[in-house]
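Dear colleague,

Please find below the structure I am handing over to you. My notes on it follow.

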Amino acid sequence: MKNLPLLFCGIFFALAFSFAGLILTSNIQVGSLTQTTETLVPSDDDPNVMVMAEGETLYPMQIVGLAQQGKQVYIEMGCVYCHSQQVRRQGFGADYERNWGPRQTVARDYIMQDRVLLGTMRTGPDLMHVGGRPLNADWHHLHLYNPQITSPGSSMAPFPFLYETREIGGAASANALKFPPDSDYGPEPGFEIVPTRKAIALVEYLLSLKVNYSLPEAPILE
Amino acid sequence: MSTAPQLNSQSTKLYSSKDSGVRAELSQIDASIRTSAIFFVISAIVWLMVGTLFALITAYKAHEPSFMGNQSWWTFGRVRSAHLNSMALGWSSNVIFAVGLWIMARLSRSAIRHGGLLLIAGVFWNVGLTVGIGGIIIGDITSVEWLELPHYATPILALSYAMIGVWGVVAFKFRRGEHVYVSQWYILAALFWFPWLYVVAQVMIIWFPARGVVQSVTNWWFAHNFLGLWLTPMALATAYYLIPKVLGRPIHSYYLSVLGFWSLAIFYNWAGVHHLIGGPIPVWLISAGVVASVMMVIPVIVVGWNHHMTVVGLHRECWRSPTLRFIVFGAISYTLVSIIGSTMALRSVNEVTHFTHFTVGHAHHGVYAFFTMIMFGGVYYMMPRLLKREWPSASLIKLHFWGCAIGITVMVVALQTGGWIQGLQMNDGSIPFLDIVKDTMPWLKARSISGVFLTVGHMAFAVNFFWMLFAAGAVRAKQGPTLLQATNEEGAA
């Protein structure tokens, strides 16, 4: 090849094309999404235009406080490498049948997140709606401390370093882990295992992960 | 190619050009890049070993989760990411800086001036990466796939890359001779594409996060193109340079190389969105990614055919030359992995393979069986020219080849078979999740075993390399190149 200007232009425009097509365009399309009410109502001015219902709650909500700190723990521990946070539509995969969420998730569900953790691996289950499943904080703490306690045969990493083993002085702590009787993983007699602040935050975050609202483009169908 | 015409196209006996002028010029160019290229190869091999260690820990933890489970530093997500970054930015990028820049300098017939600056930039790259991997381990991981390095390490990498990549462009700018060979197009393009991808991804995901899933689109635009527009062009450039070099026979078709290059340039960079099939992003984006992924069949078949027609009839030579044995393995893998990749992008296939170990197997098929094997071949060819010594041990080269060839084959077959079963089971809502986990165990154990083979191969490579570097093999220079079959013939290694 001898036509070098053509070579340079080609190299430049090849990537510029996909950069514009994939990144800039989706930034325009998705970047303009805003919070909305669960359903839309016809506008007073023009009944053909649908607008947000006045006074109703806007979704998706921003997670705040302890849950927000828990998301940082989720990031630090690399949870995303085994757990996705996206529910696919009914009929594509079995996300719906596995109760991973009451509806598929859409782009708007993620607009309030400063870091989006969609994930591409399901060595473990999807967590988009884990807070909506019948699992309480006690269960999550036992499961994080050692997954074998709640889910024998699981390949999930244990996170004992998010917990402290302490000698019980006087009364036992209210937030000590509640091991099942005869558990192989419980503390020595006279000791208790309590969550650190990081573990408490992480569980708070997991419990905050819920798809319990409709969006106009993705309603929860009963 | 500027030097190929001097080679006798029928003979494989020539060690190098008959023209002493050409030999002297190449020798001078080799000398200009020697110190920095050797530094990059040493760094690459050190990272390869570090990455292998992280890989073994990761693979073992996948079926023995309590192993090293008591410290946060060695939790699965971090070790796995340390492995990925050691291999992608440590091994792969360093070996590209060595072999890619060396090929660029040779083909441009342009010595690397002020090589000291290149060396300093290389030191910074590796310091930045060490800081970054340390950051991942202590918990500053970003949890953005392929971009795990913490924000305090990436600017060092970006700046040092600018100082490294520019040498390839400078060598090209001061090129001599009319013709520009296909390897130069690939290298020039990759040197330009990589920083663009990296900076955009850093800015839009880490520094000034884009809204919502724009981050995910950017993430996979980057991550897939890291393979497609950084590793792939460099490996293809190496194959395009070395296959004719070793065989002493020109590339089959100039026009096929043009077609292969431009179709790759146009299609590959749209393909990454296929990692988000079924995900919460606009469907037209995914469709664009699927179409581009399928169109990748064109460059793959074209390049595969071009390489095949170049080596056809000389299979014995390919097997005898350490360089070509690795490169041919890599080139065949390129065709295979790309066809599988295009198939995986189809929605109905992706419904099964997405979120499973199938994808992990596919990633290793590409980065290892294709890219890494070709770059091993490149190092086998380059080092004797830089050091004026031969590889000390043919047995270690064979051990290296077989360890890697068997290891990666076992890994890809195990992960893709296990992953396919995992995907089918996951799509059947009546199968409890823990049963699926249990059924993946034998396949994950097979992966750990494959890791042992790969480790043996890498150790053989490292031992041979450092043995050569520290001169014990100097005597071999008099006996001609190290080949893999007992023979009286001479041939290019």
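Helix H6(B) is mostly covered, with 34 of its 34 residues buried (20 or more other C-beta atoms, placed from the backbone, within 10 Å of a residue's own). Helices here are DSSP runs of H or I, at least four residues long, numbered from the N terminus. This is a predicted model, in which local features need pLDDT of at least 70 and side-chain atom pairs count only at pLDDT 80 or more, while totals for chains, interfaces and linings use all residues. Residues are numbered from 1 along each chain as its sequence is written, and chains are lettered from A and ligands numbered from 1 in the order in which they are written.

H6(B) covers residues 214-247 and bends by about 45° at Asn225(B) (the angle between axes fitted to the seven residues ending there and the seven starting there). After H6(B) comes Gly248(B), with a positive phi near 65°.

Turning to the interface, 66 residues of chain B are in contact with 58 residues of chain A (C-beta atoms, placed from the backbone, within 7 Å). On the chain B side, H5(B) gives the most, with seven residues. That side divides into 34 nonpolar, 23 polar and nine charged residues. Here Ala, Val, Leu, Ile, Met, Phe, Trp, Tyr, Cys and Pro count as nonpolar, Asp, Glu, Lys and Arg as charged, and the others, Gly among them, as polar.

Within chain B, His357(B), Phe376(B), Met383(B) and Leu387(B) of H13(B) meet Thr440(B), Trp443(B), Phe461(B) and Met468(B) of H15(B). The residues of this contact are six nonpolar, two polar and no charged.

With kind regards

Definitions and conventions. Two residues are in contact if their C-beta atoms, placed from the backbone, lie within 7 Å. Helices (H or I, at least four residues) and strands (E, at least two) are DSSP runs, numbered from the N terminus. The expected span of a helix is 1.5 Å times one less than its number of residues. A residue is buried if 20 or more other C-beta atoms lie within 10 Å of its own, exposed if 12 or fewer, and partly exposed in between; C-beta atoms are placed from the backbone.
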